[in-house]
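Student: I have a new structure open and would like to go through it with you. Can we start with the rings?

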2 protein chains.
Amino acid sequence: MTAPQPADQKFMRMAIDLATGNVLTAAGGPFGAVIVKDGQVVATGVNNVTASNDPTAHAEVTAIRNAAAALGKFELTGCTIYSSCEPCPMCLGAIYWSRIDALYFGSTAQDAADAGFDDSHFYDELRKPVADRAIPALNLMRDEAAESFNAWRNAIARIEY
Amino acid sequence: MTAPQPADQKFMRMAIDLATGNVLTAAGGPFGAVIVKDGQVVATGVNNVTASNDPTAHAEVTAIRNAAAALGKFELTGCTIYSSCEPCPMCLGAIYWSRIDALYFGSTAQDAADAGFDDSHFYDELRKPVADRAIPALNLMRDEAAESFNAWRNAIARIEY
């Protein structure tokens with residue numbers, strides 16, 4: 001990763017301003033994200049969990065959904081995301097699935113924890129074996145579930161992602 | 001976690017059928033999820049990534065968004081999710097944020113990997129320190145980013161989540 005350029009700082013400033021503005025307008029949590037391609041802003045997102053009753057409406061997920069819609073593609077190759085805070089596991093997973101090229105983040109997961117958010121705790125949970133996690137999880141009917149993957153393997157028209 | 005009951009098998013069967021049906025109708029990937037509260041189905045979801053150009057539209061994320069909308073709440077306390085496959089990191093993060101009580105899954109992350117999906121690889125990535133991950137990530141302007149959390153701490157009307 002090359003050293004940050006003035007443009008990187010400009011886009012991070014934008015993400016931070018979105019995060020702060022989201023609090024000052026009482027719209028949601030203190031998080032903002034900006035997605036950039038070829039030096040241009042493709043989409044932005046703010047945390048909208050409480051206002052929209054959507055626990056997945058974090059800034060990065062929202063920005064990724066907006067960017068994919070704007071570009072008309074389910075992959076964001078060639079894009080960089082600027083997030084006001086280190087992404088939580090959900091958002092980092094979304095970044096991986098979106099095939100974004102690079103990530104800049106402002107605050108850290110520990111900063112988020114200090115402000116009362118569970119990001120750091122959830123990272124600890126995901127690192128544990130399934131059986132040791134706080135939310136109980138049980139593998140059930142694995143043999144039957146194989147039929148869905150078999151259908152996928154046999155599907156001629158499948159679009160891989 | 002109590003031993004699976006016939007009702008648990010019924011809801012898992014439903015999730016598997018959603019997953020297989022999603023392939024047979026060429027709607028998307030082989031994944032389905034069902035969210036249940038008090039023995040009743042609150043919402044379902046299927047993988048809709050390619051059809052909707054939304055890399056976050058996995059079955060569990062979609063089911064969680066639908067369930068939160070149906071219940072008019074951003075938390076799904078008291079709910080159980082049945083997923084045809086072990087959730088990827090993004091979806092497991094969404095499950096944690098949603099405060100779902102329990103998870104049943106059919107196929108495993110390894111089964112998904114064997115069918116060509118990156119879930120297991122992404123778990124490996126999330127377990128690494130930030131600097132060692134495949135998608136380059138850089139902490140930038142941490143001091144400036146603190147202003148968003150400071151605004152949050154000072155916000156009288158904040159709704160925590």
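Student: How many aromatic pairs are there over all chains?
Tutor: A search of the whole structure gives 20 aromatic pairs. Rings of Phe, Tyr and Trp (its six-membered ring) pair if their centres lie within 6.5 Å; planes under 30 degrees apart are stacked, over 60 edge-to-face, and the rest tilted. This is a predicted model, in which local features need pLDDT of at least 70 and side-chain atom pairs count only at pLDDT 80 or more, while totals for chains, interfaces and linings use all residues. Residues are numbered from 1 along each chain as its sequence is written, chains are lettered from A and ligands numbered from 1 in the order written, and side-chain values use heavy atoms, without hydrogens and water.

Student: Why is the pair of A:Trp97 and B:Phe122 edge-to-face?
Tutor: Their planes stand at 75°, with the centres 4.8 Å apart, so the pair counts as edge-to-face. A:Trp97 is in helix H4 (residues 89-98) of chain A and B:Phe122 in helix H6 (residues 119-127) of chain B, so this pair joins two chains. Helices here are DSSP runs of H or I with at least four residues, strands are runs of E with at least two, and both are numbered from the N terminus.

Student: Is A:Trp97 buried or exposed?
Tutor: A:Trp97 is buried, at 5% relative accessibility, and B:Phe122 is buried at 2%. Buried means under 20% relative accessible area, exposed over 50%, and partly exposed in between (1.4 Å probe, protein chains only).

Student: And what do A:Phe122 and B:Trp97 form?
Tutor: They form an edge-to-face aromatic pair, 4.8 Å centre to centre with 75° between the planes. Both A:Phe122 and B:Trp97 are buried. They also belong to one aromatic cluster, which includes A:Phe31 and B:Tyr161.

Student: New topic. Where is B:Glu125?
Tutor: B:Glu125 sits in helix H6 of chain B. At 2% relative accessibility, B:Glu125 is buried.

Student: Which residues does B:Glu125 touch?
Tutor: Leaving out residues up to four places away in sequence, B:Glu125 touches A:Tyr96, B:Arg133, B:Ala134 and B:Ile135 (contact means heavy atoms within 4.5 Å).

Student: What about the sheet, what is its order?
Tutor: The order is E5(A)-E4(B)-E3(B)-E1(B)-E2(B), an open sheet of five strands with mixed pairing. Two strands pair if DSSP finds at least two bridges between them.

Student: Which strands stand at the edges?
Tutor: Strand E5 (137-139) of chain A and strand E2 (40-46) of chain B do; each has a single partner strand, so one side of each lacks a neighbour in the sheet.
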